[in-house]
Amino acid sequence: MRWISRKKTFVLHTGVPFLYRSAHIPGSVHVGQASTAEGIEKLKKEVQGLPRDKEIILYCGCCPWKDCPNMRPAFKAMQEMGFTKIKALYLPNNLEQDWIEKGFPIEK
């Protein structure tokens with residue numbers, strides 16, 4: 001998880017606010033639920049001034065990956081804006097099981 005400490009990487013949380021407040025990846029920015037129009041607008045506003053080749057990692061962790069309503073819309077919006085270095089953090093179950101319980105760093 002070297003990317004956490006790299007200043008060139010921008011990490012965005014695209015899920016529900018109460019999950020972000022309870023625990024999130026250090027340095028990540030909460031942009032709201034990308035499954036909503038408001039969340040997509042906040043996402044776009046957050047990244048608007050960034051270079052299109054900025055390394056950006058998106059994550060949610062609200063539910064199993066296959067059921068997540070937030071990741072696909074966030075990724076699609078970033079692609080439509082012309083970002084070329086977008087990555088999605090694969091959390092197969094949720095942030096609790098796939099990140100916190102494995103001992104990766106969190107902020108509260």
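Helices (H or I, at least four residues) and strands (E, at least two) are taken as DSSP runs and numbered from the N terminus. The model is predicted, so that local features require pLDDT of at least 70 and side-chain atom pairs count only at pLDDT 80 or more, whereas totals for chains, interfaces and linings use all residues. Residues are numbered from 1 along each chain as its sequence is written, and side-chain values use heavy atoms, with hydrogens and water left out.

The protein contains four helices and four strands, arranged along the sequence in the pattern β-α-β-α-β-α-β-α. The C-alpha trace spans about 35 × 30 × 20 Å along its principal axes. The radius of gyration is 13 Å, which agrees with the value near 13 Å for a compact globule of 108 residues; this radius is taken over C-alpha atoms, and the globule rule is 2.2 Å times the number of residues to the power 0.38. Buried residues account for 43% of the 108 residues, where buried means under 20% relative accessible area, exposed over 50% and partly exposed in between (1.4 Å probe, protein chains only). Contact is defined as heavy atoms within 4.5 Å. Of the contacts between residues at least 6 apart in sequence, 62% join residues at least 24 apart.

Two packed helices are described by the angle between their axes and the distance between the axes. The axes of helix H2 (residues 37-47) and helix H3 (residues 71-80) come within 10 Å and cross at roughly 40°. H2 is therefore oblique to H3. Axes are lines fitted to C-alpha atoms, for helices over the stretch in contact, with angles running from 0 to 180 degrees between N-to-C directions; angles under 35 degrees count as roughly parallel, over 145 as roughly antiparallel, 65 to 115 as roughly perpendicular and the rest as oblique. On the H2 side, Ile40, Leu43, Lys44 and Val47 meet Pro73, Ala74, Ala77 and Met78 of H3. By class, this contact comprises seven nonpolar, no polar and one charged residues (Ala, Val, Leu, Ile, Met, Phe, Trp, Tyr, Cys and Pro count as nonpolar, Asp, Glu, Lys and Arg as charged, and the others, Gly among them, as polar).

Thr14 lies in the loop between strand S1 (9-13) and helix H1 (17-22) and counts as buried, at 0% relative accessibility. Beyond its neighbours within four places in sequence, Thr14 contacts residues including Gly32, Tyr59, Asn70 and Ala74. Val29, in strand S2 (residues 29-30), is partly exposed at 23% relative accessibility.
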